[in-house]
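Hello,

Here is the structure I said I would pass on. My notes on it follow below.

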Amino acid sequence: MTNQHNDFSKELERLTFTKAYMDQVIASQQSDQESLKKRQEDTLARLDFKDSSLRYQEMLSHANFMKMSKDQLESLIHLRKKPYFARIDFHRKEKPDLEVFYIGKMSLFDRETQLPIILDWRSPLANVYYEGRLGDVSYEAHGDVYEGEVSLKRQYQIEDGELIDFRDIDMTTKDELLQDSLAQNSENRLTEIVATIQEEQNDIIRADIRKPIIVQGAAGSGKTTIALHRISYFLYTMREIFKPEDLLILAPNRLFIQYISEVLPELGVQRARQTTYEDFVKLVIGVDWPVISQHEVLMNAVEGNEEDGTLWSAGYKGSKAFKYVLNTYLQEVKKQYRMTDNFTLAGFTIKSAKAINRLFYNEYSYFPYQVRVQKIKEVLQSELRRKKKQILTKMAEKYDEELDKALYGFKDPAKRKKRVSFLITRKEERLKEVEKEARTSVQRFMKNYPKHKLVELYEALFNEDLFPRLIEEDSEPLKQMRRQSRQLLQKKIWSAEDLAPLLYIHTFVSGVDKDYKAKKVVIDEAQDYSYLEVYSLRRAFQTDLFTIVGDLAQGIYRYRGLKHWQTLMDDVFQQANYLTLQKTYRTTIEIMNLANELLQLMPDRLPSAEPVVRHGDKPAYLSLDNWQEKLKTLVTDAKQQGMNTFAIVTKTDMEADQVFEELPHELGFMKMDEQQWMGDCMVLPAYLAKGLEFDVVFLYSYDHPFEKNELDVKLLYVAMTRPLHRLYMIGAYPSSFLLDQVGSSLFEPLDKKVNRVKNEFA
Ligand SMILES: Nc1ncnc2c1ncn2[C@@H]1O[C@H](COP(=O)(O)OP(=O)(O)OP(=O)(O)O)[C@@H](O)[C@H]1O
């Protein structure tokens with residue numbers, strides 16, 4: 001027992017000291033807050049409508065500062081409950097003494113000595129806690145490498161500011177903190193794991209942040225978690241350059257955003273933009289038509305209601321081949337910006353068509369077309385301002401010369417007078433006319449440029465007189481794709497696969513507004529993205545800072561999604577670091593052993609996931625007889641064991657509706673759709689369960705068994721890898737869950753056991 005540990009009282013002392021120091025900092029921050037608030041109120045009181053924008057500026061920066069320190073204060077108060085989770089004793093080579101560092105979620109420095117009281121888990125030195133075990137280590141900070149020896153690594157369990165326990169880790173003990181953390185029950189949200197990050201995960205979090213990274217990770221290997229921790233690490237390391245607002249996190253659906261959103265503040269990443277690809281593109285292009293989602297297409301395919309060619313079209317619109325078509329099309333569009341007339345004033349050339357075209361096609365080639373047009377407009381305006389004066393002077397001189405000639409050339413005074421007064425009037429009129437022409441000439445000239453509307457531009461692409469010109473060889477599926485696209489666009493509806501080409505065209509023609517431009521992008525469940533979806537994002541933001549995580553084994557949208565990560569590495573991110581996560585943390589060995597068998601049925605030949613050592617019940621099969629009663633018994637039993645979250649997962653939406661109708665209401669299950677808030681007990685189809693986790697999962701199949709084809713195997717794999725602790729399969733036959741394809745020792749028929757449990761409750 002740790003209570004007997006020699007260091008217990010020392011550790012207790014240290015915690016007391018840390019908390020006391022934090023209290024001091026909190027109190028002084030609170031009083032800083034008060035005085036800031038007071039200053040803000042004073043400024044507000046003195047403000048009147050005549051005040052300069054400088055005063056507003058001042059207020060704004062106050063508000064920003066207040067927000068910043070409010071965030072800091074909140075984090076500090078939160079941190080006080082658990083100031084640190086680990087300690088390392090480190091002897092740096094060039095230093096005389098061993099130093100002790102306590103590692104927590106945020107750093108805290110002694111104001112006087114500037115020595116760390118708590119070291120941030122993201123700091124370079126903290127890396128030695130995550131890397132390897134005890135002994136000689138090195139770490140890199142600001143480009144220099146430091147060597148030394150770690151003689152102690154200690155993990156703490158602190159709850160509500162009280163020291164509960166601590167343990168030392170060495171070569172022989174396994175990571176008990178990890179075991180404890182994995183044995184806990186789910187609360188329907190993702191948590192931070194800073195205390196138990198494993199070495200292979202740490203490698204991903206800290207992999208070169210200036211390079212894109214692509215991670216293939218097994219189900220439950222921590223991809224989502226690690227991607228979010230990498231953001232936190234990135235913002236910490238690059239805090240001088242990037243703000244959370246510069247980040248874009250793309251999640252597969254809104255349900256998933258709720259699921260991850262709570263962990264971000266825990267990691268100090270408030271205010272990062274979290275959205276779906278669909279919502280984001282609609283925002284960027286500013287057109288909010290309804291979209292036929294990829295889920296609808298998938299469900300139609302699974303339920304056998306697929307309209308002819310839909311899957312093929314979806315695949316094509318996400319492909320490299322379609323990107324080439326778009327590029328050719330954009331070349332055509334670009335040609336429309338070529339000017340044939342010079343820009344003139346009163347017959348004088350201000351800028352020749354050739355020079356204007358040179359600006360558009362050469363000098364400004366890195367800007368979107370419409371931005372180039374805008375820039376040309378500015379050039380013409382300034383050239384006009386400059387040259388107008390010269391033109392007017394030249395014209396006036398010409399009239400003055402004529403006047404001179406008239407004054408001295410005419411002998412007859414009457415004729416002379418007539419000519420002179422004509423010239424004076426004409427001069428005045430002409431100069432006025434030119435002034436007037438100058439006021440509108442740029443605007444008039446700019447009308448020669450096409451004004452493209454994205455939607456029209458996109459619709460035009462599918463015209464029969466255009467599209468065939470853009471491809472090498474036409475085909476029946478391509479014709480059908482065009483027909484279907486035209487029909488949908490006429491109804492002002494998009495399919496999900498239209499969004500990538502729309503973003504792509506928008507990027508070239510108008511460019512992405514700076515408010516939406518992300519400087520770093522995180523894509524979760526990336527296997528479901530098409531090549532063009534990723535490519536168009538890369539092109540829109542022109543940054544390489546992408547973190548891409550996914551699992552090809554869960555690629556249920558394979559008809560459109562990525563089939564190999566290599567595709568991205570060859571063409572989109574040539575600099576990318578590719579890393580894999582093979583260990584899986586979510587579920588038990590028993591459940592993973594069964595799910596691993598499904599990997600063998602997939603064409604991708606992905607290696608089996610390695611579960612970390614945690615045992616549980618064998619997955620169990622139950623027949624449909626009296627299934628409601630069995631379900632009730634199993635839920636009650638699990639609740640008694642402290643489990644909180646339950647899901648009934650089906651292959652199709654339709655089946656989810658059906659099972660929901662027949663469920664005993666007292667169990668409190670909710671039918672889940674993409675928009676709804678997560679509950680503790682949910683009924684949902686497998687595609688929506690992707691990325692989520694529950695303590696107990698019931699797979700249910702009545703009308704729609706999982707069959708032995710690639711899509712069904714992947715849906716089943718997704719569903720089977722959702723539980724933390726228990727997996728039950730309720731269906732007409734074991735084969736409804738492909739249990740006839742796996743070793744019979746990997747699951748157990750459970751009907752009898754349920755009866756036994758039921759009797760125990762009776
Ligand atoms: N090092 C760790 N310490 C504690 N828990 C961990 C660790 N790594 C992962 N987990 C837990 O494992 C579970 C799975 O993590 P996560 O959802 O991030 O995995 P994933 O790879 O995205 O899964 P999937 O692809 O199946 O959706 C989560 O409950 C997470 O908290």
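A residue is taken as buried if 20 or more other C-beta atoms lie within 10 Å of its own. The model is predicted, so that count rests on predicted coordinates.

By that cut-off, five of the five residues of strand S8 (residues 213-217) are buried, so S8 is largely enclosed by the rest of the structure. Ile213, Val215 and Gly217 point one way from the strand, while Ile214 and Gln216 point the other way.

S8 has two parallel partners to look at. Four bridges join S8 to strand S16 (residues 546-550), and the two run parallel. Strand S17 (residues 577-581) is also parallel to S8 and is joined to it by five bridges. Gln216 can be followed into both partners: it stands opposite Gly550 in S16, and its bridge partner in S17 is Thr580.

Next, the ligand. The shell around it has 24 residues, of which Thr196, Ala219, Gly222, Lys223 and Thr225 come nearest. Helix H4 (176-183) and helix H6 (223-237) each supply at least two residues of that shell. By class, the shell divides into six nonpolar, 14 polar and four charged residues.

For the helix pair, helix H14 (residues 369-409) packs against helix H15 (residues 413-446) at an angle of about 170 degrees, and their axes are 10 Å apart. Angles over 145 degrees count as roughly antiparallel, and H14 and H15 are therefore roughly antiparallel to each other. The contact of H14 with H15 has 18 nonpolar, two polar and eight charged residues.

On the overall layout, the protein chain is divided into domain 1 (7-174), domain 2 (343-447) and domain 3 (614-758). The centres of domain 2 and domain 3, taken over C-alpha atoms, are separated by 80 Å.

Two backbone angles are worth a look. Most residues other than glycine have a negative phi. Gln114 has a positive phi, near 65 degrees, and lies in the loop between strand S3 (108-109) and strand S4 (116-120). Asp160 also has a positive phi, near 50 degrees, and is found in the loop between strand S6 (144-159) and strand S7 (162-168). Are these two residues buried or exposed? Gln114 is exposed, because 7 other C-beta atoms lie within 10 Å, and Asp160 counts as exposed with 8 C-beta neighbours inside 10 Å.

Regards

Definitions and conventions: Residues numbered from 1 in each chain as written. Predicted model: local features only at pLDDT ≥ 70, side-chain atom pairs only at ≥ 80, totals over all residues. Near = placed C-beta within 6 Å. Nonpolar A, V, L, I, M, F, W, Y, C, P; charged D, E, K, R; others polar. Buried ≥ 20, exposed ≤ 12 C-beta atoms within 10 Å, placed from the backbone. Pairing = 2+ DSSP bridges. Axes fitted to C-alpha atoms, helices over the stretch in contact; angles between N-to-C directions. Parallel < 35°, antiparallel > 145°, perpendicular 65-115°, else oblique. Domains from an automatic or database assignment.
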